[in-house]
Amino acid sequence: MDKVMTTPEPTGERIRSYLKDGKRFDGRNLLGFRRITIDKDVSKKAEGSVRVKIGKTEVVVGVKLDVSVPYADSPNKGNLMVTAEMLPLSSQRFESGPPKFDAIELGRVTDRGIRESKFIELEKLCIKEGEKVWTVFIDVYSINDDGNLMDAATIGAIAALKIAKIPKYDEESGKVLYGELSEMDVPLSDSMPIAVSVHKVGDSLIVDPTRQEEDLSECRVTLTNHDGAISSLQKSESKELEIEEMKKIFDISEEVSRKILKEIENNLK
Amino acid sequence: MSEKFKRSDGRAIDELRPVEARVGVVPNADGSAMYRSGDTIAIAAVYGPKKMHPQHQQDPSRGQLRCDYNMLSFSVSERIKPGKNRRAMEISEITKWALEPVLLLDKYPNQVIDVFIDIIQADAGTRCAGINAASLALAHAGVPMKNMVSSIAVGKLDKTLVVDLTKEEEDYEEGEGPTDIPISMTHDGKITHMQLDGKINAEQLKEAVDLAKGACEKIYEIQKKALKDAVDFGGEEK
């Protein structure tokens, strides 16, 4: 939006010409991901929390649980709510105030990836059908934006879910005893959903853009891979894609997601 | 693909619902259209190009497209609270992205084209119906366009790909369940919008894209006809 705070055109031209030769400023190849690190338990009050870094990009993600009434169309299932905030602290570009569209989309795309992959076994979060179920809140906050907050958000969400414990619940008083965690994990399926965003910069397709690169992205396709299948997809921005390009993106996301999955598993050991 | 798959309304897997398209449904607007697919009805109205207000949002290098997608409160079984929700905000933006590539916005510095889409009645596929109506309304308004945009929801029910899902099909519960894949394309086959919810492997997703291409060609013909029908050339019938 704000033309002042974007990658200057001479730098942009250089990035595009590098990409044409299959190179990037930081030495990665076009489908190379930056190093991912995950720190656990960054906030004790959350039922599960992590800090995820992808290069210089950093997000913190917390999971909170509460008991609430189920939705009418899923009386025997727990609820899931994912929200994302782009904190003003994390970039000169983000402002205080009601969430802008980018933050809303970040939350919604993350939500759909997790929901559609059925990673959380929501039917196991039912306490009393039609009356009481657990609601899982996943909140994503940016701490430093150096591109690709989108993929970082999903990595953070699954990692926080993996380590989250359900708090104790006093059935009689109907109160959640926060701070007294049970030994119960959040019921999760074995295969983790991994979001991979493929960006079109000039004529090149790349993954995990830095902020500078992401400024030049004309089109982003975020796919969530899970168990050898794609469970959600969103094409963002106006640039149109040839059918063959889109098909290539499906394959790229699958290949890259396998590498990320391995790295996350190593991190969570 | 299983040939025996029976759809609840008896349609062939690549068959659209009965479609009705008409332009000029909102006389006040510079361009307008209605697009109905089965029980899903969308209307769209275009105002502009006109000076952008507020002034600080003007872009001296190019014109802007603003889209506003909205479901009427009574368009679904359980009343929707009027006003902006996150889903509507996202679909508004998605619609803008779907249409922008065909517009010559650089010819309209400091101007804006407003597109309003309202869903009167919903039976799945509302964003696609909205995009089809909006594309028609833009053409009807005489906004210079490189192409039309046509939109369709491809679905996978268990293992079978079908086009133009109804709500009943969206809630399909057997086997692998439903996968919903709305796709929008220009007439020369470029993808301007694509989303997916569900579960599908990459190979079958490629098939889904090809299936969308075929469906969009049919919708394009319907859109073209709606525009031609509205033109009175003033000539006598021979």
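Tutor: Two strands are said to pair if DSSP finds at least two bridges between them, and in this predicted model that definition can be applied both across the two chains and within one of them.

Student: Which element supplies the largest share of the side of chain A that touches chain B?

Tutor: The contact takes 27 residues from chain A and 26 residues from chain B, and on the side of chain A the largest share, 8 residues, comes from E12(A). That side of chain A divides into 9 nonpolar, 6 polar and 12 charged residues.

Student: How do you know that strands E7 and E8 of chain A pair?

Tutor: Here 5 bridges join E7(A), residues 165–170, to E8(A), residues 175–185, and because at least two are needed, the strands count as paired. They run antiparallel and form a hairpin with 4 residues between them, in whose turn Gly174(A) has a positive phi of about 70 degrees.

Student: Why are H1(B) and H2(B) called oblique to each other?

Tutor: Their angle is about 45 degrees, with the axes 10 Å apart; angles under 35 degrees count as roughly parallel and 65 to 115 as roughly perpendicular, and H1(B) and H2(B) are therefore oblique. The contact involves residues including Ile91(B) and Ala98(B) of H1(B) and Gly130(B) and Leu138(B) of H2(B), and its residues divide into 7 nonpolar, 3 polar and 1 charged.

Methods
Residues numbered from 1 in each chain as written. Chains lettered and ligands numbered in written order. Predicted model: local features only at pLDDT ≥ 70, side-chain atom pairs only at ≥ 80, totals over all residues. Axes fitted to C-alpha atoms, helices over the stretch in contact; angles between N-to-C directions. Helix = DSSP H or I, 4+ residues; strand = E, 2+ residues; numbered from the N terminus. Parallel < 35°, antiparallel > 145°, perpendicular 65-115°, else oblique. Contact = placed C-beta atoms within 7 Å. Nonpolar A, V, L, I, M, F, W, Y, C, P; charged D, E, K, R; others polar.
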